[in-house]
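Open your viewer and get your selection tool ready.

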Amino acid sequence: MEVKIFDDKNTLGKAAAAKGATYIRKAIAKNGHANVIIATGASQFEMLSALSKEQDIDWSKVNFFHLDEYIGLPEDHPAGFRKYLRERFINKLPVKPASFHPVNGSDPNPEKVCAELGKEIANYPIDVAFVGIGENGHIAFNDPPADFETEKAYLVINLDEACRNQQLGEGWFPTFEDVPKQAISMSVKQIMKSAAIINTVPDKRKAKAVKGALEGPVSNLCPSSIMQKHPDCTTFLDKDSASLLSKKY
C-alpha cells in the first residue's frame with residue numbers, strides 16, 4: 001500500500017481526486033468507459049469536490065456505484081447517501097454520467113436490493129474505488145468482525161455501536177436513537193476486486209483506525225486492514241490522521 005501524507009484535508013482531497021482521475025482517464029482510453037465506486041461521509045467532502053472539477057474526463061462514459069446506504073431512511077433524508085452523492089457529486093458534474101447505481105435502502109426488501117445490485121455490478125468490473133476508513137476500522141459499512149469470505153457483492157449489515165456513534169458525532173442525526181441499526185453495504189471481497197483503490201482518510205478521530213489499517217495485522221477486527229493485500233491501493237492522510245503511525249512514509 002502506498003501512503004501519502006499532507007498538511008491539510010483540502011490538499012489531501014485534491015491529491016486523492018487527481019490520482020483517482022488518472023485511473024478514470026486510462027480506463028476510458030482503454031475500454032471506452034470507466035466503472036467507478038464512490039464513497040460518502042464527511043471524510044470525502046474535499047475529495048469529491050475536487051474530483052467533480054477534474055478536467056479532460058468524459059463523465060458521460062463513466063458508470064458509478066456507491067458503497068452503502070442506511071436501511072429505512074427515505075431517499076430525501078439529510079443523512080442519506082443517495083441524497084449526499086447526488087447533491088455533492090453527481091449533480092455537480094458537467095455532463096450526466098453513463099449510469100448511477102444507487103443503493104435503495106428504502107426498499108422494504110433489502111435482501112432483494114442486494115441481489116439486484118450484485119447482478120448489476122457483475123457487469124461492470126471496477127476500475128477504481130474511492131473509499132474511506134471508519135473510526136472503528138470499517139470499510140464501507142463492514143463493521144468488525146467483518147465477513148472477509150462472502151462472495152456476495154452486497155450485504156445487509158447490523159451496524160455496531162461505534163459506527164452509529166460516529167454518524168451521530170459527525171452531525172448526521174440528532175440523537176443516537178435516530179441512527180439506523182442496519183445498512184446495505186458493498187462486501188469486502190467486492191471492494192477488493194477493484195483494479196485500483198483510492199483511500200481518503202483525514203482527521204484526528206481516524207488516527208487509531210488508520211494505524212490499525214496500515215500497521216496492524218490483517219484482521220476482520222480492523223476490516224480496512226484488508227487493503228494491505230491489494231496490489232494497487234493508495235492511502236491519502238493528513239497530519240492528524242497519520243499522527244499515530246510509527247513508520248516513515
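**Stop one: Leu159**

Select Leu159 and show its neighbours: leaving out residues up to four places away in sequence, Leu159 touches Tyr70, Phe141, Asp143, Arg164, Pro180, Lys181, Gln182 and Ala183, where contact means heavy atoms within 4.5 Å. Before going on, note that this is a predicted model, in which local features need pLDDT of at least 70 and side-chain atom pairs count only at pLDDT 80 or more, while totals for chains, interfaces and linings use all residues. Residues are numbered from 1 along each chain as its sequence is written, and side-chain values use heavy atoms, with hydrogens and water left out.

Leu159 lies in the loop between β7 (154–158) and α5 (161–169); helices (H or I, at least four residues) and strands (E, at least two) are DSSP runs, numbered from the N terminus. Is Leu159 buried or exposed? Its relative accessibility is 9%, so Leu159 counts as buried (buried is under 20% relative accessible area, exposed over 50%, partly exposed in between, with a 1.4 Å probe and protein chains only).

**Stop two: the loop between β6 and β7**

Next, select Ala140, in the loop between β6 and β7. Ala140 has a positive phi of about 55° although it is not a glycine, and it counts as buried because its relative accessibility is 7%. Now move to Pro145, placed in the loop between β6 (128–131) and β7. Look at the peptide bond from Pro144 to Pro145: this bond is cis, with omega near -5°.

**Stop three: Asp203**

Jump to the loop between β9 (196–201) and α7 (207–215), where you will find Asp203. Asp203 is not a glycine, yet has a positive phi of about 90°. With a relative accessible area of 13%, Asp203 is buried.

**Stop four: helix α1**

Finally, select residues 9–31, which form helix α1 with its 23 residues. At the start of α1, find the side-chain oxygen of Asp8 that reaches to within 3.0 Å of the backbone nitrogen of Asn10. Just after α1, Gly32 takes a positive phi of about 85°. Among the buried residues of α1 are Leu12, Tyr23 and Ile28.

On the α1 side, the contact includes Lys9, Gly13 and Ile24, and on the α2 side it includes Met47 and Leu51.

Methods:
The expected span of a helix is 1.5 Å times one less than its number of residues. A polar contact is a pair of N or O atoms within 3.5 Å; within protein, one must be able to donate a hydrogen and the other to accept it, and residues adjacent in sequence count only if both atoms are side-chain atoms.
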